[in-house]
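Please look over the chain and its fold before reading on. The report below goes from the whole protein to single residues.

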Amino acid sequence: MAQRLFSSSHLSHSSTSNHRHISLMSRNGLLLLVALHLLLGVSLPWKASPLFIFPNKSSSSSSYSSLTSNWRDYSLAQAAKFVAKDGTVIVCTVSSPFLLFLNNWLISVSRQKHQDKVLVIAEDYATLYKVNQKWPGHAVLIPPALNSRTEHKFGSQGFFKFTSRRPRHLLQLLELGYNVMYNDVDMVWLQDPFQYLEGSHDAYFTDDMTTIKPLNHSHDLPLPDRKGVTYICSCMIFLRPTNGAKLLMKKWIEELQAGSKAYEGNDQPAFNWALNKTYHQVDLYLLSQAAFPTGGLYFNNQTWAEETEGKHVIIHNNYIIGYDNKMKRFHDFGLWLVYDHAYESPLGKLE
């Protein structure tokens, strides 16, 4: 078909008096090129693509500077609409120093066929541009941007600024009508987590305690300890766009604002207070410990890990501090994927 389109009989027409060739710049020539595009399957970008959000977007390197300014105008609403599948968005927040961890997590998400609904909330412009250069439309930045050169260590002021904005992002997505799964990127998926989101509860979460629970443990919010607190992890959350889930996010924001000094360096205590204060108003669901273990249990209790092998769904690399330490532990347990499997990530290999 393509050969016939390029043959002289299709690029020109004859008459009794002359033989005129169709110019590619003429109206007929342009129509012919469009038809060729369609026949070869090389069509113009589809209307849902973020390329149509920014009509000046071009793939040429000469126009890259104009593209970066366009991505600055890309809104959370636009980004969520682009990535959402079946009304669901998978969200992570990432700063530039943790791009390798993002890629490691994305490889594991891709293996479960859920990468298309991932939205990276970039905390600095370097991350926004890098992700959208390689995977257009899957990163958005909600100002103000953080310092991209700073590694936000757990407990630091930078880490707190990084994580304390999380409930605002999640609330905005809920207000837009989406189901939202939030993950930290120091996680690895071993199975599809969505099959474990039983029922239609408002909020699903995991316990950060290392105390071993029975396999058939309760899915209610655990009772507070002697100090009156629970230890629910704020790093793996699934929310439905219900009034209950929105109330929980609003209370989390209120707790962060009211106790900003007490929570400085960690937003998780505020999340736990929010859970306890809205317990009777929100339909809560504690996920299976065997399926969603805390790092302090999975990595530090070999006997338990072996006894529950095959049940693990998402592994969280917490209970350890430091970028290099987290990377080494993932590597030691065969969960550092970026060196040998980067091609499985939608970002490919990151330099």
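What follows describes a predicted model, starting with overall figures and ending with individual contacts.

**Overall**

The protein holds 15 helices and 11 strands. It has 351 residues, and 49% of them count as buried. Among contacts with a separation of 6 or more, 70% are between residues 24 or more positions apart. The accessible surface is about 17900 Å², and carbon and sulfur atoms account for 53% of that area.

**Core**

In soluble globular proteins, nonpolar side chains tend to be buried together. The largest nonpolar core here has 89 residues, and the members that touch the most others are Leu102, Trp105, Leu248, Met249 and Trp252. Leaving out residues up to four places away in sequence, Trp252 touches Arg166, Pro167, Leu170, Ser234, Ile237, Asp267, Ala270, Phe271 and Ala274.

Strand β3, residues 88-94, runs parallel to β4 and is joined to it by 5 bridges. Cys92 has Val120 of β4 as its bridge partner.

Helix α7 spans residues 125-134, and its buried residues include Thr127, Leu128, Tyr129, Val131 and Asn132. At the start of α7, the backbone nitrogen of Ala126 has a side-chain oxygen of Asp124 within 3.4 Å.

**Cysteines**

How many disulfides does the protein have? The count is 0. A disulfide is a covalent bond between the sulfur atoms of two cysteines. The cut-off applied to a sulfur pair is 2.5 Å. For Cys233, the closest cysteine sulfur is that of Cys235 at 3.5 Å, so the pair is too far apart for a bond. Cys235 is likewise in no disulfide, its nearest cysteine sulfur being that of Cys233. Cys233 is buried, and Cys235 is buried as well.

Helix α6 runs over residues 99-111 and contains Ser110. Asn103 is also placed in α6. Are Ser110 and Asn103 buried or exposed? Ser110 is buried, and Asn103 is buried too.

| Residue | Relative accessible area |
|---|---|
| Asn103 | 1% |
| Ser110 | 9% |
| Cys233 | 2% |
| Cys235 | 9% |

These values count as buried because the limit is under 20% relative accessible area.

Which residues does Ser110 touch, beyond those up to four places away in sequence? They are Gln115, Glu344, Ser345 and Pro346. With the same exclusion of residues up to four places away, Asn103 touches Val338, Ser345, Leu347, Gly348 and Leu350.

Asn103 and Leu350 are 247 residues apart in sequence, while their C-alpha atoms are 8.0 Å apart in space.

Methods. Residues are numbered from 1 along each chain as its sequence is written. This is a predicted model: local features need pLDDT of at least 70, side-chain atom pairs count only at pLDDT 80 or more; totals for chains, interfaces and linings use all residues. Side-chain values use heavy atoms; hydrogens and water are left out. Helices (H or I, at least four residues) and strands (E, at least two) are DSSP runs, numbered from the N terminus. Buried means under 20% relative accessible area, exposed over 50%, partly exposed in between (1.4 Å probe, protein chains only). Contact means heavy atoms within 4.5 Å. Accessible areas come from the Shrake-Rupley method with a 1.4 Å probe; for residues, only the protein chains shown count as cover. A polar contact is a pair of N or O atoms within 3.5 Å; within protein, one must be able to donate a hydrogen and the other to accept it, and residues adjacent in sequence count only if both atoms are side-chain atoms. A nonpolar core is a set of buried Ala, Val, Leu, Ile, Met, Phe, Trp, Tyr and Cys residues joined through side-chain atoms within 4.5 Å. Two strands pair if DSSP finds at least two bridges between them.
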